[in-house]
Amino acid sequence: MKNVIAIFDVGKTNKKLLLFDEQYKVVFERQARFTEIEDEDGFPCENVEALRSSVYDSLQEVIHDTAYNIKAINFSGYGASFVFVDDKGEPVAPLYNYLKPYDDKLLKQFYDTYGGQKKFTQLTASPVLGNLNSGMQLYRLKYEKPELFRQIKCALHLPQYLACLISGKMYSDLTSIGCHTNLWNFEKKDYHEWVAKEEVLEKMAPVVASNKTVITSFAGKKIKTGPGLHDSSAALIPYLLNFKDPFVLISTGTWCISLNPFNHSTLTEEELQNDCLCYLQFNGNPVKAARLFAGYEHDEQTKRIADHFNMDKAFYRNIFFNDELTSLLQKNSTGDTVSLQQTAFATRDLSAFTSEEEAYHQLMIDIVAQQVFSTKFVLENKKTKRVFVDGGFSKNEIYMNLLAAAFPEMEVYATSMAQASALGAALAIHDAWNKKPIPSEVIGLQYYSSVHSTSI
């Protein structure tokens with residue numbers, strides 16, 4: 001039997017179970033998607049019951065697979081998402097969608113009470129994002145649904161809820177608390193005062209170290225279980241273990257998040273207005289970050305292209321980088337306004353394009369223009385020499401070539417293993433299950449310049 005660690009990596013779109021061996025190679029992978037349900041207001045939200053059943057069922061399956069000896073389990077999950085549970089760990093409310101609109105009057109009431117937007121956002125390193133500031137979900141329930149608020153025994157961020165399903169323990173984790181939640185005062189390195197004043201602190205589970213494990217009995221087998229990590233913070237761990245010189249990681253998925261763990265400067269008002277924030281690393285150190293909804297935009301616009309040209313929605317997977325076409329389109333795009341709210345492509349007339357290939361290249365030009373605008377906010381002077389890209393766009397050669405051309409003075413790499421969040425969650429509890437040293441090279445890299453790419 002091969003000794004392995006099981007990692008549940010739960011994204012907004014894709015939910016995965018991966019098994020890593022002691023050399024941190026993926027030896028098993030299963031992926032699932034669930035149809036969203038609706039909350040009490042008819043707004044789409046995560047199907048927590050389906051997710052819970054999937055975790056139990058898939059774990060049962062691999063535990064009984066005689067090819068693997070599961071030594072430990074950990075979790076990575078998307079942020080800004082609370083599961084509100086009673087004293088038995090049962091959900092008492094939907095897992096509210098972080099895209100759900102927030103009442104403007106309630107938002108104003110909050111910031112007026114606690115020092116105004118400018119001061120508050122700088123202290124908490126959290127732009128004003130409504131429900132995307134997960135702490136604001138609790139504030140909303142207190143004032144809009146006080147009876148439900150009273151029923152909540154504990155508010156668990158999604159990774160910690162997943163961990164609780166297996167361990168039965170309710171914990172909080174710094175990487176989840178520190179991701180644009182409005183909960184954490186980065187100056188005092190503690191919860192912001194509002195958390196106690198609004199009776200939210202009593203609903204927060206004890207904070208534990210990201211490498212803490214508890215021994216759990218599941219299906220008759222004792223397994224060490226970690227507390228779970230926020231996915232973007234987990235994605236940094238393999239890079240921090242392998243690279244000591246300053247770098248920026250662009251973690252791509254539904255959100256494309258540029259993370260610079262070497263930039264400790266205070267967030268400026270301009271940065272906050274352009275969706276910059278700070279995360280907390282698993283070791284408690286801050287990470288300056290810039291967010292972009294580019295993966296979502298890519299999915300929406302590729303559907304529009306597919307419909308216009310009567311193509312399958314996955315048509316773009318067969319389109320490869322065309323340097324000549326790119327140069328022509330870029331020449332015609334000169335002077336286009338770059339907005340973080342939406343791509344320039346969203347308002348382009350598709351009838352102006354002769355083919356789906358031409359339209360898709362223009363979409364990627366517009367997305368990368370946004371990406372460069374966003375990423376530059378976290379670059380620190382000329383200290384940063386490398387850019388790493390993981391996740392879905394790391395496999396997109398058009399995206400990678402355009403990004404390399406936009407940063408000619410830097411080394412731009414795609415990671416060949418687009419599982420950084422899951423790998424980071426595994427490495428976070430390495431000492432609890434793996435007696436072998438961490439391999440010196442757990443990340444395969446492909447180098448991109450403005451004219452070519454090279455595997456390393």
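# Notebook: contacts, cores and helix packing

I started at Pro-439, which contacts Gln-23 and Tyr-24 once neighbours within four places in sequence are set aside; contact here means heavy atoms within 4.5 Å. The model is predicted, so local features need pLDDT of at least 70 and side-chain atom pairs count only at pLDDT 80 or more, while totals for chains, interfaces and linings use all residues. Residues are numbered from 1 along each chain as its sequence is written, and side-chain values use heavy atoms, with hydrogens and water left out.

**Pro-439, continued.** I placed Pro-439 in the loop between α16 (430-433) and β22 (445-448). For these labels, helices (H or I, at least four residues) and strands (E, at least two) are DSSP runs, numbered from the N terminus. Pro-439 and Tyr-24 are 415 residues apart in sequence, but their C-alpha atoms are 7.8 Å apart in space. Pro-439 has a relative accessible area of 16% and is buried. The cut-offs I use are under 20% relative accessible area for buried, over 50% for exposed and partly exposed in between, with a 1.4 Å probe and protein chains only.

**Ile-7.** I looked next at strand β1 (residues 2-10), where Ile-7 is found. Its relative accessible area is 0%, so Ile-7 is buried. Beyond four places in sequence, I list Lys-16, Leu-17, Leu-18, Phe-20, Asn-74, Ala-422, Ala-425 and Ala-426 as the contacts of Ile-7. Ile-7 and Phe-20 are separated by 13 residues in sequence and by 7.9 Å from C-alpha to C-alpha.

**Thr-121.** I found Thr-121 in helix α3 (residues 117-124). Thr-121 is buried at 7% relative accessibility. With neighbours within four places left out, Thr-121 is in contact with Ser-126, Pro-127, Val-128 and Leu-272.

**Cores.** In soluble globular proteins, nonpolar side chains tend to be buried together. I take a nonpolar core as a set of buried Ala, Val, Leu, Ile, Met, Phe, Trp, Tyr and Cys residues joined through side-chain atoms within 4.5 Å. The largest such core has 77 residues, and Phe-84, Leu-138, Trp-194, Tyr-399 and Leu-403 touch the most other members. Helix α13 (residues 356-375) supplies the largest share of this core, 8 residues. A second, separate core has 76 residues, among them Val-62, Ile-73, Phe-218 and Leu-236. I then checked Tyr-399, which touches Ile-250, Thr-252, Met-364, Val-368, Gln-371, Val-389 and Phe-393, residues up to four places away in sequence not being counted.

**Helix α9.** I counted 10 of the 12 residues of α9 (residues 231-242) as buried, so this helix is largely enclosed by the rest of the structure. The buried residues of α9 include Asp-231, Leu-236, Ile-237, Pro-238 and Tyr-239.

**α13 with α14.** Two packed helices are described by the angle between their axes and the distance between the axes. My axes are lines fitted to C-alpha atoms, for helices over the stretch in contact, and angles run from 0 to 180 degrees between N-to-C directions. Helices α13 and α14 (residues 397-406) pack at about 45°, with their axes 9 Å apart. That makes α13 oblique to α14; angles under 35 degrees count as roughly parallel, over 145 as roughly antiparallel, 65 to 115 as roughly perpendicular and the rest as oblique. The crossing of α13 and α14 is right-handed, meaning that the near helix is turned clockwise from the far one by less than a right angle, with anticlockwise being left-handed. On the α13 side I list Tyr-360, His-361, Met-364, Ile-365, Val-368, Gln-371 and Val-372, and on the α14 side Ile-398, Tyr-399, Leu-402, Leu-403 and Ala-406. By class, this contact has 10 nonpolar, 2 polar and no charged residues. Ala, Val, Leu, Ile, Met, Phe, Trp, Tyr, Cys and Pro count as nonpolar, Asp, Glu, Lys and Arg as charged, and the others, Gly among them, as polar.

**α11 with α13.** The axes of α11 (residues 294-308) and α13 come within 11 Å and cross at roughly 160°. That makes α11 roughly antiparallel to α13. I note a right-handed crossing for α11 and α13 as well. Ala-294, His-298, Gln-301, Thr-302 and Ile-305 of α11 meet Glu-356, Ala-359, Tyr-360, Leu-363, Met-364 and Ile-367 of α13. The class count for α11 with α13 is 7 nonpolar, 3 polar and 1 charged residues.
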